[in-house]
Amino acid sequence: MSNAGRHRLIAQAVGESGSATVQELAALTGTSEMTIRRDLDTLAAHGVLERVRGGARTLLLRGEEPPFALRAHEAIDAKRRIAAEVSSLIADGESVLLDSGTTCLEVARLLRGRQVTVMPLSLQAIHVLSDAPGPTTLMVPGGRPRAAEGALTGPLALASLAALRFDTAVIGCCGLSAAEGLTAYDLDDAAVKKAGIASARRIIVAADGSKLGRTAYAHVGPSTLLNTLVTDTTAPADEVTALESGGTVVKTA
């Protein structure tokens, strides 16, 4: 088992049970207790879990957003397929607002070097695009980065969005359903997403299937605002049908 695979398994086990001992995790992963202790130290340093004597316990309460460091390693293949489909929908010459989040970060990597103007809403995506070769134009918004997330929020981010108009906004989400619409875990993040949607002619939501049918704390807007949803094959069929009935075009990557 690779290090990344073992880390995902450990994080999942601790998250589901609330805590786990070194012995339990060693048995689960089929590796030594010394290796598990090193893994727990690494995951604790990235804010994925809390190291305690003899094991680890989760930092997450129900309804909280999983840490960026953990989400960055989840459903990687699906996120890259989704990003490739989103990129194919964006034509050369477009101005693009790119939301924060791990799936949108994959989109940033594919837009790097394209003949597009991009304004990312996260420090991670700004870093990816900061030295983009060729015709890519990078626009950097104002804002205050959320701790550990890098997502730009606050009055300066909202002012940047109010001053501009985009051909396309690529929006990530924490939850999406036909009934409850688009939702986020953080109120400030929700405000930025709402402003981003208002600033663009076309709205593309990039979300893997685990986000569909889920509702988070902060409401962004109804699903009828969304032109296109790009998701993967794990998306619940009934939710896809309901979104399509509301006028959203659903593409499966």
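**Entry 1. The hairpin of β10 and β11**

I began at the hairpin that joins β10 to β11 through three residues. The model I was reading is a predicted one. I noted that β10 (residues 175-177) pairs with β11 in the antiparallel sense, over three bridges. Within this pair, I found L176 opposite L182 of β11.

I then followed β11 to its other partner. Three bridges join β11 to β13, and these strands run antiparallel.

**Entry 2. The largest nonpolar core**

Which residues touch the most other members of the largest nonpolar core? I listed L176, L182, V205 and L229, in a core of 31 residues. I next looked up the elements that supply at least two residues each to this core: they are α8 (155-162), β9 (166-171), β11 (181-184), α9 (187-198), β12 (200-206), β13 (218-221) and α10 (237-245).

I also recorded a second, separate core of 20 residues, which includes V128, L129, A206 and V230.

I took V205 for a closer look. Leaving aside neighbours within four places in sequence, I found V205 in contact with I171, C173, L176, L182, L226, T228, L229 and V230.

How many disulfides does the structure hold? I counted zero. For C173, the nearest cysteine sulfur is that of C174, 6.9 Å away, and C173 is in no disulfide. C174 is likewise in no disulfide, its nearest cysteine sulfur being that of C173. The cut-off for a disulfide is 2.5 Å between the sulfur atoms.

**Entry 3. The open sheet**

I traced an open sheet of seven strands in the order β6-β5-β4-β9-β12-β14-β15, with parallel pairing. Which strands stand at the edges? I found β6 (137-138) and β15 (249-252) there; each has a single partner strand, so one side of each is left without a neighbour in the sheet.

Inside the sheet I checked β4 (residues 95-98), which three bridges join to β9 in a parallel run. L98 stands opposite V170 of β9. I then noted that α9 packs on the sheet and touches β4, β9 and β12. The direction of α9 makes about 135° with that of β12.

**Entry 4. K193 in helix α9**

I looked up K193, whose place is in helix α9. Is K193 buried or exposed? I recorded K193 as buried, with a relative accessible area of 3%; the cut-off for a buried residue is under 20%. Leaving aside neighbours within four places in sequence, K193 is in contact with D99, I171, G172, C173, A184 and V220. I171 and C173 are also among the contacts of V205.

**Entry 5. Helix α6**

I turned to helix α6 (residues 102-111), in which eight of the ten residues are buried, so the helix is largely enclosed by the rest of the structure. Which residues of α6 are buried? I listed T102, T103, C104, L105, E106, V107, A108 and L111. After α6 comes G113, whose phi is positive, near 95°.

I examined β3 (residues 55-58) and the strands paired with it. Three bridges join β1 (residues 19-21) to β3, and the two run antiparallel. T21 has G55 of β3 as its bridge partner.

β2 (residues 49-52) pairs with β3 over four bridges, also in the antiparallel sense. Here V52 stands opposite G55. I found two residues between the strands in the hairpin of β2 and β3, where G54 takes a positive phi near 85°.

**Entry 6. The chain as a whole**

The protein chain has ten helices and 15 strands. Its radius of gyration is 19 Å, close to the 18 Å that the globule rule gives for 253 residues, so the chain is as compact as a globular protein of that length. The C-alpha atoms fill a box of roughly 55 × 40 × 30 Å along the principal axes.

I noted that buried residues make up 48% of the 253 residues. Of the contacts with a separation of 6 or more, 57% are between residues 24 or more positions apart.

Key. Residues are numbered from 1 along each chain as its sequence is written. This is a predicted model: local features need pLDDT of at least 70, side-chain atom pairs count only at pLDDT 80 or more; totals for chains, interfaces and linings use all residues. Side-chain values use heavy atoms; hydrogens and water are left out. A nonpolar core is a set of buried Ala, Val, Leu, Ile, Met, Phe, Trp, Tyr and Cys residues joined through side-chain atoms within 4.5 Å. Buried means under 20% relative accessible area, exposed over 50%, partly exposed in between (1.4 Å probe, protein chains only). Contact means heavy atoms within 4.5 Å. Two strands pair if DSSP finds at least two bridges between them. Axes are lines fitted to C-alpha atoms, for helices over the stretch in contact, and angles run from 0 to 180 degrees between N-to-C directions. The radius of gyration is taken over C-alpha atoms; the globule rule is 2.2 Å times the number of residues to the power 0.38.
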